[in-house]
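Please consult the sequence and structure below alongside the text.

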Amino acid sequence: MPAVSKGDGMRGLAVFISDIRNCKSKEAEIKRINKELANIRSKFKGDKALDGYSKKKYVCKLLFIFLLGHDIDFGHMEAVNLLSSNRYTEKQIGYLFISVLVNSNSELIRLINNAIKNDLASRNPTFMGLALHCIANVGSREMAEAFAGEIPKILVAGDTMDSVKQSAALCLLRLYRTSPDLVPMGDWTSRVVHLLNDQHLGVVTAATSLITTLAQKNPEEFKTSVSLAVSRLSRIVTSASTDLQDYTYYFVPAPWLSVKLLRLLQCYPPPEDPAVRGRLTECLETILNKAQEPPKSKKVQHSNAKNAVLFEAISLIIHHDSEPNLLVRACNQLGQFLQHRETNLRYLALESMCTLASSEFSHEAVKTHIETVINALKTERDVSVRQRAVDLLYAMCDRSNAQQIVAEMLNYLETADYSIREEIVLKVAILAEKYAVDYTWYVDTILNLIRIAGDYVSEEVWYRVIQIVINRDDVQGYAAKTVFEALQAPACHENLVKVGGYILGEFGNLIAGDPRSSPLIQFNLLHSKFHLCSVPTRALLLSTYIKFVNLFPEIKTTIQDVLRSDSQLKNADVELQQRAVEYLRLSTIASTDILATVLEEMPPFPERESSILAKLKKKKGPGTVTDLEEIKKERSSDMNGSAEPASVNASAVSTPSPSADLLGLGAAPLTNSAPPPSSSGSLLVDVFSDSASAVAPLAPGSDDNFASPDLASSEVVSEEPADTVHDADELFHKFVCKNNGVLFENQLLQIGLKSEFRQNLGRMFIFYGNKTSTQFLNFTPTVICSDDLQPSLNLQTKPVDPTVDGGAQVQQVVNIECVSDFMEAPILNIQFSPKQEVQNIFKAKHPMDAEITKAKIIGFGSALLEEVDPNPANFVGAGIIHTKTTQIGCLLRLEPNLQAQMYRLTLRTSKEAVSQRLCELLSEQF
Amino acid sequence: GRRFLISEIHFILLFSRQGKLRLQKWYTTLPDKEKKKIVREIVQIILARHQKTSSFVDWKDLKLVYKRYASLYFCCAIEDQDNELLTLEVVHRYVELLDRYFGNVCELDIIFNFEKAYFILDEFIIGGEVQDTSKRSAVKAIEDSDMLQETVEEYMNKPAF
């Protein structure tokens, strides 16, 4: 029993709670609860009307039972009855029950809304407060519909009490978060901004929260809040610790309001007005100065509140990223905290420094703390802190310290907590690739990762090492040798078997000259692992074996014997059995030439963003892994807005510049531009897609169709940087010692060469790959010999189909006759127009009703395709326009955005003028 | 890009060292089943942590900020970018408010007067945002409602069921 209950105590409730606490077992407790539930049910159903006190008590008991973890499916009506009681304590319990046990019964919601409406209109501030709390607690759409119009009025009305204003501001904030479309902007917004000047600090605090959230989505509308926030902040930071009376918290003036104001300012760039800007800089300097002053109290509350403001100020400094002086001061301050005895401060300093590391002004200053951070990784006892240290090492990594940081991370990985191993693996993989000067180091690092934490090495990581090895011929021999050695370990991780199997299957020949790694030894080594592996790995190994048949004809019979064994040919797994049967057959009937073609080395992978980085971003959320180089890259690519019908001059083609080569693979040789028929190929194709779909198409990108999410591929065109000027000499060097390879590649187009020569005659195949998902029109490549060159070199080119489908590749044959020796190279000139899709974004002119929209699309004459678009809200249509001379296929997609009341309409037809016209016509219809 | 700021407490949990939940307040809408799962998970995580560790734990996309007062743990889930230290002081201010209302608050006060603990929290925080940080305003409303202080005798005359 409690000593005494304050106010209107409920004795029956206290007794019930005591009973529950005295229950010796879970069963006894359940029995007691069931007894109580039966009692309450009978009271609620009884003929005798219950008085307010009893209703309140029983509703409270139900609440208690619910909080113990039991389901409650009745009592809502009694709680709603309490809402209309005139006694505060009864009303209060009614609202509490409604807020905790939210119910979606529409009749009930109508009654609740009614009671709330009455309380809001009551002009009794305590009742209004209860009603507003309830709206904010429930925050449902129904409530937003009912009250989103009313609350702004309460908020800005002149006669509203301060306490109600505070509740109204935060209530509106909650509704805006759950249903932004239902909160109308209007006259009230400018008056809300002026609440920043209010006398009552509680009102200012609540209003600042509201304005911050609103300003994130409507920055223009709330722009005037910046100068008001700065002057308010300035008054707080310069006030004496007693000035703000009740709002001074352990000698810190209004820490909550200060932090909220600093937050609000983070919605905007640095103030343009020099006076405001100067005042803000002063505030920030004052906050940094105060951090150096001796504490006014030894209590942790004092230092927490003070440092909460300091960290928020540092966040703002980092957000503005414009005052080198403040950034460096912030970094020094955090540096002090890195060695503070309070774990919390060390944690926060590490976290905050992560963002400082990405500013070009403070990156170097952050790097000076590397030893402290490495030490934290080794000595901190708290996994949360170690995690922050890993993040910071990742953020401060650049070419100068990459080897040290990767080594320390690998070292830490040996003992790291299981919860963060996968993330460390991803980070190490990314850093190793990004800062690899020497790719042998990269290969060693990844193999180390597999050795130390094989279970945490995801597909993305081992796919990536294979991509890189395949695309870089300078590392292939080393990779083959290294995996061969790693596979010698008696117990090696299955991921190593996968990487080893793949790499030896491609490049085992590069080490076969050494008798210690002869073909047979390589094969036996891999096959010794076979039976310990899972089905997918075995499937991969079978593909390696068939590749060996081509690479090493001398062990063909050994391999055929293995494939022919019962355990393979009669394997219960269909995939394995099929591979064994087909590979055996292929090895038996195909001639050496056919085998050589079918099992040729894998072509290089297209250069795309590393899938590992994508995975890390997904794991950590966007924004957390951006770093300095990425930001720089964003900036530079922003500058190149447009590219008209793309025109590429092969005498001046390029590979990406080193700074843009974020995680790209650099130039790569191409050995075979057709997708290999061997099913081993499909294992790697899916690397770039986000989802780990099991069935991958053989040709990457060939599945791009109209319904694919990246329909708006015309945007890709305009992002294409135009700075593709490059030294043509490099191209020469590329093809001096070999006949095949990639000549040029950008986001739109890949050009590959394959050539053969016999005496003075030659034939060159030029492959043009359309990397976009839209057609290229008027595609005209021409090979030009200058006047000087013509007498020495005779070229015959065959015309190419002027349309190249998205994802498709066309080839052009050039017959070459060398008449006499020559110096200069011919010029390849390519012109095409990628635009054929038309898109328009427009405001809805009619109510956005799905059924009416469907009827209109059908009425327009196209078929409506259901379940084609991954987003069910979108409409997709298809049709053909018949003319006497030609038929024009039309595809359309209409994407509604209900919140913004906008549509995006995309038309793709086989004729641009038609796309244009249809888009114009349809844009008026919705 | 610029980060999207949401300064909001997603939920607050009070639980004992034995892992018994004493109070839960949710500022995001979730099905009951999901809430139970989350509570189990978080109680386990926090109780497993050693002393002298930091007061912060990464949890999913959120961050848990917690502190122990006597036998009770107070735990808030906040946005990753939110201000951790200030959240610790939100907890402390709440404890002060309870203390002021109950006078040397203990776990039993919260068990037997859970509804009062809710009311005090509601006066302090709305929709996950701190409403008023002044100690005076937050408790005033509750104390107003308790003006009709009853005597022990009146209380004992009420039915015990």
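In this predicted model, the largest nonpolar core holds 270 residues, and Ile116(A) and Tyr94(B) are the members that touch the most others. Helix H2 of chain B, residues 84–102, supplies the largest share of this core, with eleven residues.

**Nonpolar cores**
- Beyond its neighbours within four places in sequence, Ile116(A) contacts Tyr95(A), Ala131(A), Cys134(A), Ile135(A), Met143(A) and Phe147(A).

**Packing of H2(B) and H4(B)**
- H2(B) packs with helix H4 of chain B, residues 114–124, at an angle of about 130°, and the two axes lie 10 Å apart.
- H2(B) is therefore oblique to H4(B).
- The two helices, H2(B) and H4(B), cross in a right-handed sense.
- On the H2(B) side, the contact involves Val90(B), Arg93(B), Tyr94(B), Leu97(B), Leu98(B), Tyr101(B) and Phe102(B).
- H4(B) contributes Lys116(B), Ala117(B), Ile120(B), Leu121(B) and Phe124(B) to this contact.

**Chain B overall**
- Six helices and seven strands are present in chain B, and their order along the sequence is β-β-α-β-β-β-α-α-α-β-β-α-α.
- Of the 161 residues in chain B, 61% are buried.
- Among chain B contacts between residues at least 6 apart in sequence, 49% link residues at least 24 apart.
- Chain B has an accessible surface of about 6900 Å², and carbon and sulfur atoms account for 52% of that surface.

Methods
Residues numbered from 1 in each chain as written. Chains lettered and ligands numbered in written order. Predicted model: local features only at pLDDT ≥ 70, side-chain atom pairs only at ≥ 80, totals over all residues. Heavy atoms only, no water. Helix = DSSP H or I, 4+ residues; strand = E, 2+ residues; numbered from the N terminus. Buried < 20%, exposed > 50% of the residue type's maximum accessible area, 1.4 Å probe, protein only. Contact = heavy atoms within 4.5 Å. Areas by Shrake-Rupley, 256 points an atom, 1.4 Å probe, with all protein chains shown as cover. Core = buried A, V, L, I, M, F, W, Y, C linked by side-chain atoms within 4.5 Å. Axes fitted to C-alpha atoms, helices over the stretch in contact; angles between N-to-C directions. Parallel < 35°, antiparallel > 145°, perpendicular 65-115°, else oblique. Left-handed = near helix turned anticlockwise from the far one by under 90°.
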